[in-house]
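Here are my notes on this one, jotted down point by point. Have the model open while you read.

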Amino acid sequence: MTPSIAFIGVGNMARAIFSGMLASGYPAEKMIGTSRTQEKRDYYHAQYGIQMLADNNLAVSQADVVVLCVKPAQMQAVVEGFSQQVRDDQLFISVAAGVELRAIQQWLAKDVAIVRSMPNTPSQLGVGMAGLVANNQTSAEQKTWVSSLFASIGQSVWVEDEAHMHTVTSLSGSAPAYFFRFLEAMIENGKAQGLDEASCRKLASYTMLGAARMATELEEPIAQLRKNITSPNGTTEQALLSFEASDIDKIVADAMTACADRSKQMA
Ligand code: NAD
């Protein structure tokens, strides 16, 4: 039987998930979304054919799976607001950054299955990366189902220990911005060397995409992929020596540690 899903708080992330699921054949009649404004309800219903409601209680009462998509600061009020409707057999999935399983469980006031996820913005294009962690009430079957849900917006990795979600944040949640920053610097230098911005952006961005595809699709160690294009005394070697002189490992380690530390403070 196809589970019915309620998306509480339809915005960017909910849309990324349900549009990916619709594209992979999940029936629209099994999905409900909620939004506070009539304009958004009309828009999402017209655009995607899913039922849109104003009432979170009504949506939760009709669902097998509830995906919590509001902002972290709104989560407590929203979850406590519908907690009377929660049934033992429901599965809850949160996409809110930094909101812990223990807190969601407390707000739901029931011993139900809960999965916490940390997706990233490329999810909007179906190439996202999400870290997932489940509470003890979540069955192996439910975890498999959640993996298939995230497959509609990209890839996912389960972690056993919730504390590792801080590491996930530093490796994938916040990391698209690291790569954007790197691209910005590359484009600026390309321009400084005299090439126009559009050409610099295309050359650098597609190179990042190509390197990412090699890293994800080939089996060779990442260091070997690097060595394969680094001839002794060649151009690439000069660039890499410059990175080493600036202690690239320390630059990256400091940034990721700062990111994970901030995630811990916000929890
Ligand atoms: P968003 O603002 O686009 O969507 C949230 C929606 O919830 C809004 O449309 C808002 O009107 C609605 N909402 C607020 N209160 C509500 C209520 N009481 N009842 C019904 N609807 C209500 O935000 P977003 O970017 O989709 O982010 C949603 C969640 O996803 C956040 O918790 C965020 O941490 C997480 N997240 C997002 C991204 C991303 O790529 N956008 C990445 C990682 C995590």
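**Notes on the model**

1. Let me start with a loop: asparagine 233 is placed between helix 10 (222-228) and helix 11 (235-245). Helices here are DSSP runs of H or I with at least four residues, strands are E runs of at least two, and both are numbered from the N terminus. The phi of asparagine 233 is positive, near 65°, in a residue other than glycine. Most residues other than glycine have a negative phi. Asparagine 233 counts as exposed because its relative accessibility is 69%; the cut-offs are over 50% for exposed, under 20% for buried and partly exposed in between, with a 1.4 Å probe and protein chains only.

2. Before going on, a word on provenance: this is a predicted model, where local features need pLDDT of at least 70, side-chain atom pairs count only at pLDDT 80 or more, and totals for chains, interfaces and linings use all residues. Residues are numbered from 1 along each chain as its sequence is written, and side-chain values use heavy atoms, leaving out hydrogens and water.

3. Alanine 109 also has a positive phi, about 60°, although it is not a glycine. Look for alanine 109 in the loop between helix 5 (101-108) and strand 6 (113-118). At 60% relative accessibility, alanine 109 counts as exposed.

4. Threonine 138 sits in the loop between strand 7 (128-134) and helix 6 (140-151). With 10% relative accessibility, threonine 138 counts as buried. Its side chain makes a polar contact of 2.7 Å with the side chain of asparagine 135 (a pair of N or O atoms within 3.5 Å; within protein, one must be able to donate a hydrogen and the other to accept it, and residues adjacent in sequence count only if both atoms are side-chain atoms).

5. Now the ligand. Of the 22 residues around the ligand, Val10, Asn12, Met13, Cys69 and Val70 come nearest; a residue is near if one of its heavy atoms lies within 4 Å. A polar side-chain atom of asparagine 56 is 3.1 Å from a ligand nitrogen.

6. Which helices each supply at least two residues of the shell around the ligand? They are helix 1 (12-23) and helix 4 (72-82), and helix 4 gives the largest share, 3 residues.

7. For overall context, the protein chain has 12 helices and 8 strands. Buried residues make up 38% of its 267 residues.
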